[in-house]
Amino acid sequence: MSNCTGHAISTLSSRRARYLSLTSSSSPGESRARATTKINSRCAAMEPAGSLLDNAVGVGDLVLLDPLSEKSIVSNLQQRFQHDFIYTYIGNVVVSLNPYKSMPIYTPAKIEQYRNSNMFELPPHIYAITDEAYRSLRDQDKNQCILITGESGAGKTEASKLIMSYIAAVCGKGQEVNKVKEQLLQSNPVLEAFGNAKTVRNDNSSRFGKYMDIEFDFKGDPLGGVITNYLLEKSRVVNQAKGERNFHIFYHLLAGAPAGLLADLKLVKDPNKYKFLNHKNCIHIEGNNDEANFIAVQQAMEVIGFAASEIRESVELVACVLKLGNVELSKVQEEESQQQNSMELLEVSDLMGLEDMVLVKALTTRTVEARGDRVSTTLNIAQACYARDALCKNLYCRLFSWLVHRINKSIKVHGESRRKVMGVLDIYGFEIFEDNSFEQFIINYCNEKLQQVFIELTLKEEQDEYIREGIEWIHIEYFNNAIICDLIENTQKGILAMLDEECLRPGIVSDSTFLQKLNNVCAQHSHFQSRLCTNSKFLSDMSLPHDCFRIQHYAGKVTYNVEGFVDKNNDLLFRDLSQAMFLAKQVLIRNLFPEGDPTCLNLKRPPTAGTQFRTSVSSLVKNLLNKNPSYIRCIKPNDHKLPCVFTEELVGHQVRYLGLLENVLVRRAGYAFRHPYEQCLQRYKILSHKTWPHWRGDARAGVETLMATLPISPEEYAFGRSKIFIRNPRTLFHLEDLRKNRMEDLATIIQKIFRGWCCRRRYQDMRKSQIIISCRYRGFSQKKRYIRKRQAAILIAAFVRGWRARKGVRRLKLDYKRHSAASTIRAFWKGYLVRKEYRKFFRANASKKIAEYILQWKLRSYLLRLRYILPGMSPLDNTWPLVPFRLVQSTHEELCKMYHDWRCRVYRSKMTPTQKAIFEEKLCASELFKGKKDIYPETVAKTFVGLHLEQGPNAKHQKLLGSLPDKLIFSELVHKIHRANGKVVTRILLLTKANMILADPKSAHIKSRIALGEVQRVSLSTLHDGIFVLHIKQGSSAALKGDFVFVSEWVIELATKLFRLIMDCTNTKLEISISNSISVQFKADEVNMQLVQAEQKNGNLPVCKRKNRILEVTVS
């Protein structure tokens, strides 16, 4: 048995508080703080805090409970539960109550607190038993197993998660180790999704048993593991009780799968559309997010190592089960069954990769082989429905087994190196319902075997420790449930053997014949009861129905209804369905039914469900017997899943069938408590003056000396080789009471010494303070007297020095006045002599010198003033300061011109070549049109762009522009005045370095091409218009039709660019005439064009009227 140690001073805190309240009126706050610090330090030096025996609510270990009864156990659990102590020990067994709320006792800090700590040094916790098992495995090379039992809703699954998370937190780190830990942890969400469901007792109830072997290397780092599952409740797939759900994965898939995946699976999001999910009207779980859970399951499968195709095939198989549930079979002619909703069947066949007729035939017919003949019979409605449900159950059950196998494949350890193993068993607890069937019978049989293992291992552990310590072994009387296990599993007369025999027997077999067989064989068994057995004492027992039998289990009597025993034990699937599934193109479904392969036909009957489970349990028990066990008994405090609610009857029922009272009795048989000598001496040495405060000898000798001085009978304890054994818990509590009283006495002594120390310290502080004050006062007094004397001496010296200084200053002033008077007289006298000598020369030259000086002064002032009032650097700024006087008029104007030239030169130096070209064009336009053309001022501020024709997507225009041999200088859409009638037509005008081209804007065909050398002159009007007359040299090719008259929006820019191009091309200036009367040559006629300004009604275009040789053009 593990060691109980505790070292905290239980009443010291109250004594310390009492002392502080007594001394608060007489001692200052500093003294109270020192006293508290002193006591805390002494307590911390003596013992660690938080042991099992100190400051506990109720009793932390039920072995120490006195008096011991089922009622006292329930009362102790209730007392601890109401104070949020959900864990209680029975030796190395942890009793865990589900709190139904989050508790702050699973933090990383708690993990560090329990890490590498003795199991009984800290309050009971699941981490303590896990750490004890892990350290035993790591340090002592002992294989471990942790058995978790309890009914649905008691918290078994959460307990297994806590064990896994603790092991993952305390073992080693590293990339490979972390990968293994993550795979082991992520196996839980996958198995929970496919194997857990909501029941009336638990929203996340495990509907299968799970045993996981975690394998470690020599350092204690996890290498991998193996998972074994037991008895999945596959009947839940097709039927659930009221208020319960199907397995979680169905709801996860519908809520969390993307719309595309649901469409591929032929599913809709509404669970009410599926009969396997909606017939009990329980769809949602409060606080459960199915959508997020589906994503979590997918991620967990990816972490474990499932391929994307395997995940897809898994959800496809789940969808097949849902869709099969919607296939309805109805009675059609003479007991034949036919499928009504062909669409559902077609979709299921498509998902499986089967032909629809193959699936229809497998569901509606059965082939039987007898003496080499094959007979095919059509199933009736009930048989067809049974076949459909059996297929759904088998599909899901085999999928779950495949998932476990696939997880094992990922987490399995490869290699033959020596490994350590820790097993974690999470399996159903003992179940007693109003209606108990085959499943409860199998579950209770498993619990009987586990109880047998528990008793055997516990007694063996007790006996081994007694022998190891040299204590005489005391025979322990206990109930051995081997007789009940034999009643169930005996190969000749056991209930499972008779059930198998009845299933294999030819002829009419039913549940009634099975019960009759039990009545004949088991009638005389003391733990078997039935209304029809030969024992007549049960004939009048009205609580036992005729179709039931009762077994006296170790946890109580359970009545089983035999209805369904034979069918559930057979667990048969028609061979036609297996063969149909083997034909499926869906790889996973095909692999799940290897017996459907016609080439490997096996006519041997498969083992029954009972036989399979009995073999699994035997293997499990054999495995557990080779390991060092630890136990976690989970208890559900209430049926409503509410926090802080404790139902005594419910808990008492669970305490009874979990066998907690028997566990305590086995633990308390012989000696109920034991302590290592070192820990016992450390805890109780204060009870004897011979061992307190220090014991110099051997720990055992110290404990023997200690116990000899205490008023305890020697029959109450015994000395082993390394421990002292205490027979009765009352003896331990008596020791604790003595220790508590002694601690109070020691606390009083500590208070007395502390008070004396405080008074001495206070007196010494006051005496030291008085000496310091006296010393400093005397120093202050002498210093003050010295300062007064020094200040007086300084003042007298200052007055003397001042008197002497003032006397010297008066003498110096008198000497200065005398010297100044003599100098003044001498200066005046010398001046008088000079003036008298030079008076005649001064009158002749003085005016000239003064005038010259004044002129120079004025010029200098003028220039200096002009420097600060110069205008800005812009060449357009025409301001200039006014001339201050006429003397500098010419200079003023010259400076203005020089400044302007310099400013323009600076401006030009900053111009780019492009800007210079633009300004040259602007200058040329100014010389040609300034003051001559009314429209010119508007063009000054506009930049000469040149290309005014829009570069649009017109392919014809692009082709025209691309055909030009020279660089394009100017382009515009102009209006040409017809020579004959004066009408206006639109033309494209293009000006290159050598030619002027006119083209049709629609067809982009060139109408005229005029070489720049053929241009004679250009005429414009003085008005605000765009008339542009181009005169062609006589005799040239372009002069056949005469001169050209245009209306241009950019007439100034056109004329300027034409002028500059002709200047560059011919080195001659183009003649530009500006007049309102222009002579124009139209073919052979010379026409006089008169321009008149008037308001226009048709826009800005000119109006032309020709009368003989006069062309009158009206412009706006």
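Before the first view, a word on angles: axes are lines fitted to C-alpha atoms, for helices over the stretch in contact, and angles run from 0 to 180 degrees between N-to-C directions. Helices (H or I, at least four residues) and strands (E, at least two) are DSSP runs, numbered from the N terminus. The model is predicted, so local features need pLDDT of at least 70 and side-chain atom pairs count only at pLDDT 80 or more, while totals for chains, interfaces and linings use all residues. Residues are numbered from 1 along each chain as its sequence is written, and side-chain values use heavy atoms, with hydrogens and water left out.

**View 1. Helix H3 crosses helix H24.**
Two packed helices are described by the angle between their axes and the distance between the axes. Here the axes of H3 (residues 70–82) and H24 (residues 648–658) come within 10 Å and cross at roughly 120 degrees. The two helices are therefore oblique to each other (angles under 35 degrees count as roughly parallel, over 145 as roughly antiparallel, 65 to 115 as roughly perpendicular and the rest as oblique). The crossing of H3 with H24 is right-handed; a crossing is left-handed if the near helix is turned anticlockwise from the far one by less than a right angle, and right-handed if clockwise. On the H3 side, look for Glu70, Ile73, Val74, Leu77 and Gln78, which meet Glu648, Val651, Gly652, Val655 and Arg656 of H24 (contact means heavy atoms within 4.5 Å). These contact residues divide into five nonpolar, two polar and three charged. For this count, Ala, Val, Leu, Ile, Met, Phe, Trp, Tyr, Cys and Pro are nonpolar, Asp, Glu, Lys and Arg are charged, and the others, Gly among them, are polar.

**View 2. Val74 sits in helix H3.**
Is Val74 buried or exposed? Val74 counts as buried because its relative accessibility is 8% (buried means under 20% relative accessible area, exposed over 50%, partly exposed in between, with a 1.4 Å probe and protein chains only). Setting aside residues up to four places away in sequence, Val74 touches Phe646, Glu648, Val651, Gly652 and Val655. Val74 and Gly652 are 578 residues apart along the chain, and their C-alpha atoms are separated by 6.1 Å.

**View 3. Helix H6 meets helix H7.**
The axes of H6 (residues 156–170) and H7 (residues 175–195) come within 9 Å, crossing at roughly 165 degrees. That is why H6 and H7 are roughly antiparallel to each other. H6 passes H7 in a left-handed crossing. From H6, the contact uses Thr157, Lys161, Met164, Ser165 and Ala168, and from H7 it uses Lys181, Leu184, Leu185, Asn188 and Glu192. Sorted by type, the residues of this contact are four nonpolar, three polar and three charged.

**View 4. Gln452 belongs to helix H16.**
H16 covers residues 438–469. Gln452 counts as buried, with 13% relative accessibility. Which residues does Gln452 touch, not counting those up to four places away in sequence? They are Asn481, Ala482 and Cys485.

**View 5. Strands E13, E14 and E15 make an open sheet.**
The three strands stand in the order E13-E14-E15, with antiparallel pairing (two strands pair if DSSP finds at least two bridges between them). E13 (528–530) and E15 (556–561) are the edge strands, each pairing on one side only. From one strand to the next, the twist averages 25 degrees. Three bridges join E13 to E14 (residues 548–553), and Gln529 has Arg550 in E14 as its bridge partner. Helix H19 (residues 511–521) lies across E13 and E14, at about 125 degrees to E13.

**View 6. Strands E22 and E23 form a hairpin.**
E22 pairs with E23 (residues 1006–1011) in the antiparallel sense over five bridges. Six residues lie between the two strands, and in the turn Ala1004 has a positive phi of about 65 degrees. Asn995 lies in E22 (residues 995–999) and, at 14% relative accessibility, counts as buried. Leaving aside neighbours within four places in sequence, Asn995 is in contact with Asp966, Leu990, Arg1009, Ile1010, Ala1011 and Leu1012.
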